[in-house]
Amino acid sequence: MDRRSAVKGILILTGGLIVVPSCVMEDGRASIPLRHLEVSQTQEKLLAEVVEVLLPATETPGAKDLGLHLFTLDMVDDCYSPKEQKDFMRGMEVFQKITKKQLGNSFQEATPEQRQRLIAEVNAGKAPEEVLAFYSILKKQTIKGYLNSELVMTKLRKYELVPSRYVAVHPVTTASIS
Amino acid sequence: MANLNTESKKQRTYDAIVIGSGISGGWAAKEFTEKGLKTLVLERGRDVKHNIDYPTTNKMPYEFEHRGEVPHEIREKNPVVSRCYAFREDAMHFFVKDEEQPYVQEKPFDWIRGQQVGGKSLLWARQTQRWSDFDFEGPARDGFAVDWPIRYKDLAPWYSHVEKFAGISGNTDGLPELPDGDFLPAYPLNSVENYFSQSLRKNYGNRHVISARCAHLSKPNQIHFDQGRAQCQNRTLCQRGCPFGGYFSSNASTLPWAERTGNLTLLPHSVVESVLYDEQAGKATGVRVINAQTKEATEYYAPVIFVNASAFNTNQILLNSTSSRFPNGLGNDNGLLGKYVAFHNYRARIRAEYEGLQEFTTDGRNPAGGGYIPRFRNLHRQETDFLRGYAAGFNAQRGLVEDTSGFGVELKKQLLNPRLGNWEVQSHMMGETIPKEESQLSLSKDQKDAWGIPLLNISIGYDDNDEKMVADYLTQMEEMFTKAGFTNIHKSDSKQAPGLDIHEMGGVRMGNDPKTSLLNKYNQLHACPNVYVTDGACMTSTSTQNPSLTYMALTARAVDHAVGELKKQNI
């Protein structure tokens with residue numbers, strides 16, 4: 001069954017009682033099925049823009065194209081404890097509020113320069129604790145998702161499933177560092 | 001009707017029954033079927049066919065939804081198995097989940113189980129060292145447990161027998177404490193492992209780092225090709241099941257070999273409830289099996305029964321095999337069944353860095369894992385205030401390091417251009433523990449599992465000897481590391497519960513005297529000689545070696561004996 005229509009059904013049955021946070025009600029849910037997190041489409045877009053600042057598209061694809069914001073959501077939803085999930089969501093909400101206050105705009109509507117400046121602050125640890133907790137999970141999973149992506153593992157830093165060799169004493173060359 | 005029953009009973013009668021298809025059960029199956037006996041192998045778990053049932057084996061890391069991590073809910077529901085290093089997204093389907101088969105922890109014990117065809121032979125760490133007489137003579141010399149009824153010379157030919165077939169890589173190191181075997185070429189030590197080996201020789205003389213001996217086909221012989229196996233391809237993804245049969249498992253080796261004789265019947269989903277004993281005949285006649293899925297009970301019969309259910313499950317089956325002759329469990333005249341169990345102490349680790357030999361690294365992956373330090377403590381004589389000693393793993397590696405401090409284009413560049421890190425060295429202890437009467441297994445009086453079998457109570461703890469050994473390992477290793485010029489040394493004691501070593505042993509120990517042991521020198525129950533136990537349950541003491549190779553050798557030797565006894569009509 002399609003999960004979003006199921007939720008809509010519940011909303012009708014309960015007469016719009018608070019089953020999901022209001023932000024999720026306003027603009028719909030994230031595009032992937034999540035079992036624990038209540039993430040809105042707006043928040044999904046926000047995450048896509050934050051990970052793109054972390055790992056932007058250059059001559060190779062960036063984090064948004066690789067879907068690393070969705071990977072992060074899936075990881076937080078499945079592999080993190082309820083407490084960490086709460087911290088992640090709370091941190092994201094505080095981040096949204098701070099952005100609005102500082103820029104008068106949402107992160108996704110801000111200019112590239114504004115986004116850069118804001119992430120630089122957060123990356124330097126200059127943000128409330130809640131935001132840092134959110135950011136550190138997001139950054140960690142973005143990096144993990146990137147290094148473990150098909151693109152990186154097959155084209156940029158090749159992973160060998162079947163090395164077929166062990167050279168115990170191997171001279172260091174630049175070629176061997178990849 | 002009577003005729004139908006006779007016919008049905010005949011169909012359920014074999015020349016030999018083997019309970020369990022893991023590393024020792026697989027060997028029993030191979031040896032029996034090769035010698036022409038119609039053999040029934042009973043496995044409580046599902047079937048896992050070589051190559052066909054390795055669903056993750058060829059997956060790239062990005063094909064795992066959580067890139068290897070086990071989801072939080074599964075970890076929460078299964079805290080015991082989640083502590084096992086190999087319980088990861090790629091292999092978690094080969095482990096028993098806590099909730100599937102509960103047991104009673106009278107003291108904390110992490111019981112790690114792999115119940116499927118092949119058992120834990122799919123998952124093992126593949127380290128294979130022979131025992132020496134320093135090990136077999138340990139209990140007699142140091143006054144604990146009982147004397148082993150065998151010595152190295154009894155087992156040596158059987159070690160060779162199983163090594164040649166399984167394929168064990170290693171060097172002939174000429175160390176009396178770790179006898180050489182019939183080896184395939186070793187995986188060499190890398191430059192820092194080699195350097196540490198030289199440093200130990202210079203500073204101590206009697207301490208050695210050798211290439212870890214392991215059950216990998218570094219250079220297969222015809223006998224391995226005949227099994228359908230090929231050279232190890234250095235994937236080091238062994239826990240998924242190996243498509244090349246590069247390491248030894250029942251699935252890749254002994255079971256298909258047994259199947260090809262036409263003498264094997266393998267029944268998965270068959271939980272053995274008990275061994276049947278005939279009071280008149282004075283011997284065991286078969287086993288009672290509960291179908292794991294339908295819960296239906298069926299009896300199977302054979303003149304000889306091998307119990308290879310894994311150390312603690314073997315104890316459970318025997319304790320549950322009661323009759324008026326054996327009210328306390330099969331063969332348990334002396335009340336010692338389930339007692340004197342032990343394990344390996346894996347608590348302590350040490351790691352450090354080495355700034356030398358920066359001009360070298362390694363290329364590819366080493367399936368042996370690196371080096372092995374055979375036991376050097378209390379070897380020739382008692383020299384410390386604790387009994388026995390420890391072996392240790394030792395390996396050195398250089399990882400690729402990414403600087404993840406930045407963000408943006410800079411971060412991307414860093415991730416794609418890692419630098420070679422320093423050499424990191426690490427070691428972990430593998431300590432002998434002393435089997436004691438109070439370390440024991442028993443059956444729960446009020447709790448049963450889904451198949452109506454009483455749950456196993458496990459009561460095993462560390463003792464003062466173990467604490468002293470942990471402290472000594474850390475002191476000695478720190479000194480050895482310091483003398484080698486390693487820096488940034490970190491020592492740790494995980495305090496992990498017994499069991500996580502996955503080397504639980506004993507409870508049905510071998511010995512010369514039926515008053516103080518359960519099994520004789522051929523692994524027959526003293527009091528019921530057509531039942532043999534050749535898995536970890538038979539171990540009188542634990543020594544420090546990884547035990548699987550010894551189980552394999554004991555099994556092959558016991559089958560040879562059993563077939564001889566059957567011919568002579570002694571059993």
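A: Here is a walk through chain B, from its sheets to its domains and then to its contacts with chain A.

Some ground rules: this is a predicted model, where local features need pLDDT of at least 70 and side-chain atom pairs count only at pLDDT 80 or more, while totals for chains, interfaces and linings use all residues. Residues are numbered from 1 along each chain as its sequence is written, chains are lettered from A and ligands numbered from 1 in the order in which they are written, and side-chain values use heavy atoms, with hydrogens and water left out.

Let's start with the six-stranded sheet. Chain B has an open sheet with the strand order 5-2-1-9-22-21 and mixed pairing. Strands (E, at least two residues) and helices (H or I, at least four residues) are DSSP runs, numbered from the N terminus, and two strands pair if DSSP finds at least two bridges between them. Strand 5 (264-267) and strand 21 (524-525) of chain B are the edge strands, each pairing on one side only. At the strand 21 end, two bridges tie that strand to strand 22 (residues 528-533) of chain B, and the two run antiparallel. B:Leu525 has B:Cys528 in strand 22 of chain B as its bridge partner.

Now the three-stranded sheet. Chain B also has an open antiparallel sheet in the order 6-7-8. Strand 6 (270-278) and strand 8 of chain B stand at the edges with a single partner strand each, so each has one side without a neighbour in the sheet. From one strand to the next, the twist averages 30°. Strand 7 (residues 283-291) and strand 8 (residues 297-301) of chain B share five bridges in the antiparallel sense. Among the facing residues, B:Val287 stands opposite B:Tyr300, and B:Ile290 is the bridge partner of B:Ala297. Five residues sit between the two strands of this hairpin, and B:Lys295 takes a positive phi near 70°.

Stepping back, an automatic or database domain assignment sets the bounds and divides chain B into domain 1 (12-51 + 93-147 + 249-344 + 434-458 + 500-571) and domain 2 (170-212 + 347-387 + 389-433 + 462-497). The contact between them (heavy atoms within 4.5 Å) takes 28 residues from domain 1 and 31 residues from domain 2 of chain B. Their C-alpha centres are 33 Å apart. Together they bury about 2,300 Å², with carbon and sulfur atoms giving 51%; buried area is the accessible area (1.4 Å probe) that two parts lose on being put together, summed over both. B:Phe134, B:Ile434 and B:Thr544 supply 29% of what domain 1 of chain B buries against domain 2, more than any other three residues. There are two salt bridges between the domains, a salt bridge being a side-chain nitrogen of Lys or Arg within 4 Å of a carboxyl oxygen of Asp or Glu.

Finally, the neighbouring chain. In chain B, 49 residues are in contact with 54 residues of chain A. The two chains bury about 4,400 Å² between them, 61% of it on carbon and sulfur atoms. B:Asp363, B:Phe407 and B:Lys412 supply 17% of the area chain B buries against chain A, more than any other three residues. Four salt bridges are found across this interface. B:Glu73 forms a salt bridge with A:Arg35, with the closest N and O atoms 3.7 Å apart. B:Asp363 comes up again in a salt bridge with A:Arg165, where the closest N and O atoms are 2.8 Å apart. A:Arg165 lies in the loop between helix 8 (150-156) and strand 1 (166-171) of chain A, and B:Asp363 in strand 13 (residues 360-364) of chain B, so this pair joins two chains.

Technical notes:
Axes fitted to C-alpha atoms, helices over the stretch in contact; angles between N-to-C directions.
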